[in-house]
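This report is meant for a reader meeting the structure for the first time. Please look over the sequence and the model below before reading on.

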Amino acid sequence: DMCEITVGTLKIWSAEQREHQLIDIREIQEFDLGNLGGQHIPMSDCLKRHVEIRRDVPVVIHCRTGRRSAAVISALASHHGFDNLLSLVGGAMEWAAAVDPSIDVE
């Protein structure tokens, strides 16, 4: 079963300074336009840059809508055995809609 996290929970983690890693897997032009402050590892680079992804804390992976992040998590789990990855439900679009409307994600 796919592990997911809502924007509400991520906002709480952030406010409580709960240790986690946030990774934005969108393309560079999407990231530069507006982002949630995560580490940028484009989707196409995730498998080869897997050493940059932590295994000791929860890792939240997000894209624009949640589709790409789900695919990346599946690939990382099967190729590299990750079991601590969470997909941000609704992605950056949902974060902008529900948490921070100032972020440009169009």
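This is a predicted model: local features need pLDDT of at least 70, side-chain atom pairs count only at pLDDT 80 or more; totals for chains, interfaces and linings use all residues.

Residues are numbered from 1 along each chain as its sequence is written, and side-chain values use heavy atoms, with hydrogens and water left out.

**The chain as a whole**

The secondary structure comes to four helices and five strands, where helices (H or I, at least four residues) and strands (E, at least two) are DSSP runs numbered from the N terminus. Read from the N terminus on, the elements follow the order β-α-β-α-β-β-α-β-α. The C-alpha trace spans about 35 × 30 × 25 Å along its principal axes. For 106 residues, a compact globule would have a radius of gyration near 13 Å, and the chain, with 13 Å, agrees with this; the radius is taken over C-alpha atoms, and the globule rule is 2.2 Å times the number of residues to the power 0.38. Of the 106 residues, 42% count as buried, a term that means under 20% relative accessible area, with a 1.4 Å probe and protein chains only. Among contacts (heavy atoms within 4.5 Å) with a separation of 6 or more, residues 24 or more positions apart account for 67%.

Strand β4 covers residues 59-62, and its pairing with two other strands is set out here, where two strands pair if DSSP finds at least two bridges between them.

| Partner of β4 | Residues | Sense | Bridges |
|---|---|---|---|
| β2 | 21-24 | parallel | four |
| β5 | 85-88 | parallel | three |

**Val 59**

Val 59 lies in β4 and is buried, with a relative accessible area of 0%. Leaving aside residues up to four places away in sequence, Val 59 touches Gln 21, Ile 23, Ile 53, Arg 54, Asn 84, Leu 85 and Leu 86. Val 59 and His 20 stand 39 residues apart in sequence, yet their C-alpha atoms are 5.7 Å apart in space.

Terms used:
Buried means under 20% relative accessible area, exposed over 50%, partly exposed in between (1.4 Å probe, protein chains only).
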